[in-house]
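The entries follow in the order I made them.

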Amino acid sequence: MKRIWWITVVSLALVLMLPAYGHVQAASSAAPVPSEALGISPESAPSALEPLHVEGTRLVGSSGKTVQLRGISTHGLAWFPEYVNEDCFRQLHQEWNANVVRLALYTQEYGGYCSGGDKEALKALVRSGVEYATRQEMYVILDWHILSDGNPQTHKAEAKAFFREMSREYAEYPNILYEICNEPNGGTSWQEIKAYAQEVISVIRANDPDAVILVGTPNWSQYVDQAAADPVQGYDNLMYTLHFYAATHRDDLRKRMTAAVEAGLPVFVSEYSICSADGNGAIDQAEADRWVEVMDRYGISYVAWNLSNKNEASAVIVPSCTRSSGFTWDDLSGSGHWLYQTLRGK
């Protein structure tokens, strides 16, 4: 409960900043995204930036009610930094009804944090993203986005240094979640992931004893059953990630997810899309709707991939759109149309 005082400070700051932040960046003459009344579920919508914790398999606010985070992930910060801006986050929150944004910090890919990227510039983007999201009363996931590195142990020293620095800075923020390894793959075992997690979690907990921490699972964060059989011990407020791409992952993976939850594992879907697992191909809205129905039924939070105009099916902005906020309906891809309607439809 050490963070409750901070909510008051943020609320006062928001009042004082209203004149400066009271408008969305102007769009072109194209018609804006429709602005019908939002249909937010009072049972799962968090109060503004209330501290979160884990009870059983659920994410819970300070009021004691289940909280479901629903929002979007950036693409790699090094490649699409332009979408980290306050007007964009404001639109996502106010018009799309997103209450969380995930900041994807790639580790090993070109320009990645551990592969020659500008560490200070990337951390500055993370810090800007945190501040923009906080002012817009959104939660923020700091995503250590391992992918081609496969095993989180590869850059463990850098991960510990990064999360030590971030958790020291944001220990008093009520809206930060730490995702410590995006998608372990390439045969990385749960025991290797678990050993890594125990070390990184201890670093975070030295500064922030309460924040929710998301732990990746084997096979691109799909084998939540292995985590359910042998979860990390000794720490509270841990959740375990499952990722899906609806045109590839169907009932088998959904059953694995629900079985893990029914076995007592807190699951968080920190990345998903409605296309194929390679981020491209045809989209499958019907299968995506089945996923949403199950996640809503179990109170599972879910964060869509990705906020960019990359020429791939998972990007929510069409490649021809050059603006970084003030998006119109015509600026959205098929995935973007589905996500906008899904986030607003609840």
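I call a residue buried under 20% relative accessible area, exposed over 50% and partly exposed in between, using a 1.4 Å probe and protein chains only. The model is predicted, so I take local features only at pLDDT of at least 70 and side-chain atom pairs only at pLDDT 80 or more, while totals for chains, interfaces and linings use all residues. I number residues from 1 along each chain as its sequence is written, and side-chain values use heavy atoms, with hydrogens and water left out.

Cysteines. I looked up Cys88 and found it buried, with a relative accessible area of 0%. Cys181 is also buried, at 0% relative accessibility. I then searched for disulfides (cysteine sulfur atoms paired within 2.5 Å) and found zero in the structure.

Whole chain. I counted helices (H or I, at least four residues) and strands (E, at least two) as DSSP runs, numbered from the N terminus. The protein has 10 helices and 10 strands. Of its 346 residues, 57% count as buried. The accessible surface (Shrake-Rupley, 1.4 Å probe) comes to about 13,000 Å², and carbon and sulfur atoms hold 53% of that. For contacts I took heavy atoms within 4.5 Å. Among contacts with a separation of 6 or more, 78% join residues 24 or more positions apart.

Crossover. I noted that β3, helix α2 (residues 86–94) and β4 form a right-handed β-α-β unit. Right-handed here means that, with the strands pointing away from the viewer, the path from the first strand over the helix to the second runs clockwise.

Thr217. I located Thr217 in the loop between β7 (213–215) and α6 (218–221). Is Thr217 buried or exposed? Its relative accessibility is 0%, so Thr217 counts as buried. A polar atom of the Thr217 side chain lies 3.4 Å from the backbone nitrogen of Gln222. Leaving out residues up to four places away in sequence, I found Thr217 touching several residues, including Pro184, Trp190, Ile193, Gln222 and Tyr240.

Note on methods
Polar contact = N/O pair within 3.5 Å; in protein donor to acceptor, adjacent residues only side chain to side chain.
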